Amino acid sequence: MLVAVLVLLFAQALCAQSGAPAPSPSTDVTARLARLEQQAAEAKSSADNAWMLTSAALVLMMTGPGLALFYSGLVRKKNVLGTMMQSFALMAVITVLWGLFSYSLSFGSGNSFIGGFHNLFLRGVGAAPDADYAATIPAQTFMVYQLMFAIITPGLIAGAFAERMKFSAMLVFMVLWSIIVYDPMAHMVWGKGGLLNASLGGYFPTLDFAGGTVVHVTSGVSALVCALYLGKRVGYPKEAMPPHSVVLSFIGACLLWVGWFGFNAGSALAAGSLATSAFVATHFAAATAALGWAAAEWIRNGKPSVLGGISGAVAGLVAITPAAGFVKPMSALLIGLIAGVFCYYMVAKVKARFGYDDSLDAFGVHGAGGTLGALLTGIFAVSAVNPIFKDAQGNTLKSGLFEGNAHQFLNQLVGVAIAWTLAIVGTLLILKLVDVTIGLRVSEEEEVQGLDLSQHGEEGYYWEASA
Amino acid sequence: MTKIEAVIQNSKLEAVKSALQEIGVEGMTVLEVRGHGRQKGHTEVYRGREYSVDLIPKTKLELVLPDAMVEKAEQAILNAARTGKIGDGKIFRSRIDEAIRIRNDERGEGAL
């Protein structure tokens, strides 16, 4: 009964949208054909829109609870809520910025480096598609999908300054970072007329399917800058600071893995075969990366750890992000494996050698894995998966190095170099500004007490409440 | 009256509990504790960083018994909790001056 009502309502809504009266027998063939074409287009649009809205929800799930759990399990008990709050606050704050002006700065028409103010307050972002980005879904769907990327990206940085940054300072930092680093980078790679845009005539066409440079290189490199600028946690590295709950991190990592299908397969911006291809590549890379990291640990420490397995999976997901819509499944297996071993090395060896306190390894996983993935994309991309480059006559050109387009590797290098530069300069600037105005770190006393109590006045595990 | 405090392996709690019940021990308090004796801890590795853990989780039982039962109870714990390996734990015995049942103010061994 309910289904019948739903079907009726749906049919009514469709008619209302197309505004078509019942067909009369006298209608000529051309008109009927036109109507048929319109209906076919509407059906495709509905299918694409359903997938894109689902993907948007999946990507939000990556931040909360995915990243929030992943990170908060890795900190000490006294900082569990403070760490969750860093992710959660972004879900609210970045959303407001995005609606007011950040979407316009990222995806509005502008110059090579940043978008303009045409879409301020989401003006002109409605039901009609923006054909430059995604011709079959409402521009509003595209907007809200991209918003979820803008939320998680700064959230990743929080791993570097975990357990010691003031909440107020974090808020100001994240707002400024989103405007000064994320919006320009998103515009350069994905925006109309962006310097690095591969499909809309960029000067250095960089292949970045779902945000290897835009999301992971920018956040990961900024994380390193934060770790160096803020300095170590009180007691690091003398005091033991093991994760307080690998269980929370495990749940978070698995949610990230699932959410990543929205992140990468959703970046096809349609529900077609390219989404499938990206979905498969994503999954395969996560699998071999988990194996790679765990195997490296097994060989070095004699035991494969759960934390190693899930860290590896995340590293593989990071590395496949720029490549997901350009590579074949076997290449994805390889990219994942390389990323798993490489990121293990960065986290376990390189960090220890240089002694910086990238507390939750935001740089080791996202900065290193993102850079690696962006470069490997230039090597493994093939036009059979995604014919993104075309000549003036519309013939498909070769994509990556192995296919015979060595030049693309250089473009990837340029893209990575710009992301690194923007992240370093932008983050340093913002840190300095926040440091001299309101200060970055909590006092030593507050740090020892923990962020939960000192910043939020609550505790994650309140033992007196057991009765 | 005598108090027996026994620190044992977590995995031996069920065996010790039923051994004590078998000889007629009617009450006990069980605590989850951490500590170490001569036993060295172990190391854990998180993302390549090694942490040595020397406070090992253990289970502690507290029993207050009439003096006549003490030997039997200690023997029951020894039999049930022993694996013969390092880390089996310890038993401590001490005198208790008074026991009071809160419900009805009953005193001495009758309150146990």
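Is A:E163 buried or exposed, and how many C-beta neighbours does A:E163 have inside 10 Å? A:E163 counts as buried, because 22 C-beta neighbours lie inside 10 Å; a residue is called buried if 20 or more other C-beta atoms, placed from the backbone, lie within 10 Å of its own, exposed if 12 or fewer, and partly exposed in between.

The views below come from a predicted model, in which local features need pLDDT of at least 70 and side-chain atom pairs count only at pLDDT 80 or more, while totals for chains, interfaces and linings use all residues. Residues are numbered from 1 along each chain as its sequence is written, and chains are lettered from A and ligands numbered from 1 in the order in which they are written.

**View 1. Two loop residues of chain A with positive phi.** A:E163 lies in the loop between α4 (139-157) and α5 (167-190) of chain A, where helices are DSSP runs of H or I with at least four residues, strands are runs of E with at least two, and both are numbered from the N terminus. The phi of A:E163 is near 75°, a positive value in a residue other than glycine. A:L269, in the loop between α7 and α8 of chain A, is likewise not a glycine and has a positive phi of about 60°. A:L269 is buried, because 22 other C-beta atoms lie within 10 Å.

**View 2. Helix α8 of chain A and the residue after it.** Helix α8 covers residues 273-301, and its 29 residues should span 42 Å at 1.5 Å a residue, which agrees with the 42 Å between its end C-alpha atoms; the expected span is 1.5 Å times one less than the number of residues. The helix is followed by A:G302, whose phi is positive, near 85°.

**View 3. Two cis peptide bonds in chain A.** A:G64 and A:P65 are joined by a cis peptide bond with omega of about 10°, and A:P65 is found in helix α2 (residues 29-74). The peptide bond from A:Y236 to A:P237 is also cis, with omega near 0°, and A:P237 is placed in the loop between α6 (212-230) and α7 (246-264).

**View 4. The elements and extent of chain B.** Chain B has two helices and six strands, which run β-α-β-β-β-β-α-β from the N terminus on. Its radius of gyration is 17 Å, well over the 13 Å that the globule rule gives for 112 residues, so chain B is more spread out than a compact globule; the radius is taken over C-alpha atoms, and the rule is 2.2 Å times the number of residues to the power 0.38.
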